[in-house]
Amino acid sequence: MTDVANARRRLRTAVVWDGLQAALDGRLRGREALDVLDVGGGTGAFAVPLAQAGHLVTVLDPNPDALAALERRAAEAGVSERVRWMQADAADLTGMVASGSCDLVLCHGVLEHVDDPTAVLAAVAGALRADGVVSVLVANPNGLVLARAVAGHLDQARHALGDPAGRWGERDPLPRRFTPQQASALFPPAGLTVFATHGVRVCADLVPGALVEGEPEAVEALLALETMLAEHPDFHAVAGQLHLLAARLPGS
């Protein structure tokens with residue numbers, strides 16, 4: 001992977017990793033090996049580093065090619081014994097994972113694709129232990145509008161602004177996106193309560209690529225700015241993605 005691609009990847013994921021680490025330190029401190037479920041975990045971008053940290057990770061994904069890549073990735077990282085996988089859709093989660101068996105469930109880039117996001121979140125809640133944590137990452141239509149406009153795709157920006165699902169057109173690969181309000185509203189019916197929200201890619205998709213490619217110092221500066229903006233509620237509305245951390249509601 002090139003330095004430019006690495007920089008872009010860091011900008012996309014650093015805020016999510018920071019939020020996850022804070023949640024683990026705050027709620028699951030002292031446990032050496034967590035039971036982690038990565039719903040839609042694909043090639044293991046999160047699963048393999050978590051396994052390298054000593055956790056036991058199960059990846060559920062419908063794509064056999066992605067799971068084959070995960071198998072190779074885990075082997076190359078020397079963590080095959082701590083990573084297992086199941087080929088299935090997120091909608092089939094109930095019954096595939098024992099109730100109350102997970103300390104951490106990742107659900108990144110999944111809710112945009114499923115028919116019933118609340119039902120998937122309810123299944124996720126059922127898999128959690130009483131003090132477990134859910135990490136959800138969803139695309140935000142407001143961030144898309146700004147990114148499309150800055151890129152000069154004004155028709156797509158206007159379409160996304162008026163589309164109920166937040167799509168920029170018929171060729172948009174995502175079936176839906178969620179505003180901060182829409183995303184937050186998914187959790188209580190599923191028996192979950194959100195305790196932290198972060199804006200992801202607030203500026204990263206708007207800054208010209210030449211800045212990242214030609215100025216390594218600018219990458220670090222942009223990453224520092226992204227980290228600050230992630231915690232700032234006023235900027236959540238225009239983030240490219242929203243990272244929400246949740247726990248089970250008392251009595252659920």
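**Figure 1. Lining of the largest cavity in the predicted model.** By class, the lining of the largest cavity comprises 6 nonpolar, 2 polar and 2 charged residues. Ala, Val, Leu, Ile, Met, Phe, Trp, Tyr, Cys and Pro count here as nonpolar, Asp, Glu, Lys and Arg as charged, and the others, Gly among them, as polar. The lining residues are Gly 143, Leu 146, Ala 147, Arg 201, Val 202, Asp 205, Leu 206, Val 238, Ala 239 and Gly 240. The volume of the largest cavity is about 40 Å³, and the search of the whole structure returns 1 cavity of 30 Å³ or more. On a 1 Å grid over the protein atoms alone, a cavity is a set of points where a 1.4 Å probe fits but cannot get out, whereas a pocket is an open set with protein on both sides within 12 Å along at least five of seven lines; lining residues have an atom within 4 Å of a point. Grid points are joined across faces, edges and corners, and a volume is the space filled by probe spheres set on the points. Because this is a predicted model, local features need pLDDT of at least 70 and side-chain atom pairs count only at pLDDT 80 or more, while totals for chains, interfaces and linings use all residues. Residues are numbered from 1 along each chain as its sequence is written, and side-chain values use heavy atoms, with hydrogens and water left out.

**Figure 2. The largest pocket.** This pocket has a volume of about 870 Å³. Its lining contains 36 residues, and those closest to the pocket centre are Arg 12, Gly 109, Leu 137, Arg 201 and Gln 241. Helix 1 (3-27), helix 2 (47-52), strand 5 (128-139) and helix 5 (141-150) each contribute at least two lining residues; helix 1 provides the largest share, 5 residues. Helices (H or I, at least four residues) and strands (E, at least two) are DSSP runs, numbered from the N terminus. The lining divides into 12 nonpolar, 14 polar and 10 charged residues.

**Figure 3. The second largest pocket.** About 350 Å³ of space lies in this pocket. Among its 21 lining residues, Asp 89, Ala 90, Ala 91, Val 110 and Val 114 lie nearest the centre. Strand 2 (56-61) and helix 4 (117-127) each supply at least two residues of the lining, and helix 4 gives the most, with 3 residues. By class, 12 lining residues are nonpolar, 5 polar and 4 charged.

Figure 4. Val 200 belongs to strand 6 (residues 192-200). Val 200 counts as buried because its relative accessibility is 0%; buried means under 20% relative accessible area, exposed over 50%, and partly exposed in between (1.4 Å probe, protein chains only). Contact means heavy atoms within 4.5 Å. Not counting residues up to four places away in sequence, Val 200 touches Arg 12, Val 15, Val 16, Leu 137, Glu 226, Ala 239, Gly 240, Gln 241 and His 243. The C-alpha atoms of Val 200 and Ala 239 are separated by 5.6 Å, although these residues are 39 residues apart along the chain.

**Figure 5. Loop residue His 55.** His 55 is placed in the loop between helix 2 and strand 2 and is buried, with a relative accessible area of 10%. A polar atom of the His 55 side chain lies 3.1 Å from the backbone nitrogen of Leu 34. Residues touched by His 55, not counting those up to four places away in sequence, are Glu 32, Ala 33, Leu 34, Val 36, Leu 50 and Arg 82.

Technical notes. A polar contact is a pair of N or O atoms within 3.5 Å; within protein, one must be able to donate a hydrogen and the other to accept it, and residues adjacent in sequence count only if both atoms are side-chain atoms.
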